[in-house]
Amino acid sequence: DERRMRTAMPFVQPVQQLFERLPREDKPGAMSFLAITSDKGLCGGINSSVAKITRFGVVDEEAKGNTAKVMVMGNKGIGALKRLFGDRFTYSFEECSKQPWGFGAASIIAEQVAATNPARLKLCSNKFRSLVSYETVASDCVTIQEAQSMDKAEFSKAMDVYSFEPSIYEVWTDLHEFYYACVIHGLYLEGVVSEQSARMGAMENATKNAGEM
């Protein structure tokens, strides 16, 4: 899985860097959260930490008077969030690991996310750091609505360093959906590798404790 992640990142990162050039402005409005968890357990608090950061995000947005919507990948995230926020669920994606993960699966999920037309979007996931560490983050994702509401001069300034054929305005919707798929694909692979590392640590500790008993 780490090899798959290393192989995918050179394709994912250029698309992310393209959209990171766009000017960002924190505006009020409905916020959608996509929590990326796994279908399996026995890996410490790796899934509960994603559920926790999603839960805090929903509470924070609703305290500001904004509507919060939740989408979840993975059975563990669904189980952790459905009891409190079941009425905020728009989509849930279960058994993502039943088949080998690939860009096709990420594209299907991205298509469903794009269909909800989120005003703002945060992706809650685990970022792989090393075999012994990971970081749980809620990263902002540029939405189609945000891109359409940007200042045209600032938008052109950010995008003019790239050449598009046909013009960017003709391909923007398809490019944006491709961006969603790339981000989801990369974050899911990072989450899988983080999960495997955490599971190895949890099993090692369990074996050690059993031996001491």
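1. E146 sits in helix α5, residues 144-148. Helices (H or I, at least four residues) and strands (E, at least two) are DSSP runs, numbered from the N terminus. The model is predicted: local features need pLDDT of at least 70, side-chain atom pairs count only at pLDDT 80 or more, and totals for chains, interfaces and linings use all residues. Residues are numbered from 1 along each chain as its sequence is written, and side-chain values use heavy atoms, with hydrogens and water left out.

2. Is E146 buried or exposed? E146 counts as buried because its relative accessibility is 14%. The cut-offs: buried is under 20% relative accessible area, exposed is over 50%, and partly exposed lies in between (1.4 Å probe, protein chains only). Leaving aside neighbours within four places in sequence, E146 is in contact with R24, A119, R120 and C141. Contact means heavy atoms within 4.5 Å.

3. By class, the lining of the second largest pocket has four nonpolar, two polar and six charged residues. Ala, Val, Leu, Ile, Met, Phe, Trp, Tyr, Cys and Pro count as nonpolar; Asp, Glu, Lys and Arg as charged; the others, Gly among them, as polar.

4. The structure holds seven of them. A salt bridge is a side-chain nitrogen of Lys or Arg within 4 Å of a carboxyl oxygen of Asp or Glu. R120 pairs with E61, with the closest N and O atoms 2.7 Å apart. E61 lies in helix α2 and R120 in strand β4 (residues 120-130), so the pair ties together parts that are 59 residues apart in sequence. Both E61 and R120 are buried.

5. K127 and E190 form another salt bridge, at 3.2 Å from N to O. This pair links distant parts of the chain: K127 is in strand β4 and E190 in helix α7, 63 residues apart. E190 is buried, at 9%. Elsewhere, salt bridges that share partners join E62, D87 and R88 into one network. Within it, R88 and D87 have their closest N and O atoms 3.0 Å apart. D87 is exposed, with a relative accessible area of 66%.

6. K127 returns at the largest pocket. This pocket holds about 410 Å³ of space. Its lining has 22 residues, and Q16, E20, K127, V183 and L187 lie nearest its centre. Helix α1 (2-20), β4, β5 (133-141) and α7 each supply at least two lining residues. Which element gives the largest share? That is α1, with nine residues. The lining of the largest pocket divides into 11 nonpolar, five polar and six charged residues.

7. One cavity of 30 Å³ or more turns up in a search of the whole structure. The largest cavity holds about 80 Å³. I36, T37, S38, I46, N47, N126, Y188, G191, V192 and E195 line it. The elements giving two or more of these residues are α2 (46-63) and α7 (168-212). Helix α7 has the largest share, four residues. The lining of the largest cavity comprises four nonpolar, five polar and one charged residue.

8. On method: on a 1 Å grid over the protein atoms alone, a cavity is a set of points where a 1.4 Å probe fits but cannot get out. A pocket is an open set with protein on both sides within 12 Å along at least five of seven lines, and lining residues have an atom within 4 Å of a point. Grid points are joined across faces, edges and corners, and a volume is the space filled by probe spheres set on the points.

9. The largest nonpolar core has 45 residues. Such a core is a set of buried Ala, Val, Leu, Ile, Met, Phe, Trp, Tyr and Cys residues joined through side-chain atoms within 4.5 Å. F19, L22, M73, W101, W172 and I184 touch the most other members. Helix α7 gives the most to this core, 14 residues. Not counting residues up to four places away in sequence, W101 touches R4, M73, C96, A106, I109, I184, H185, Y188 and L189. A second, separate core of 14 residues includes F33, A51, V70 and V72.
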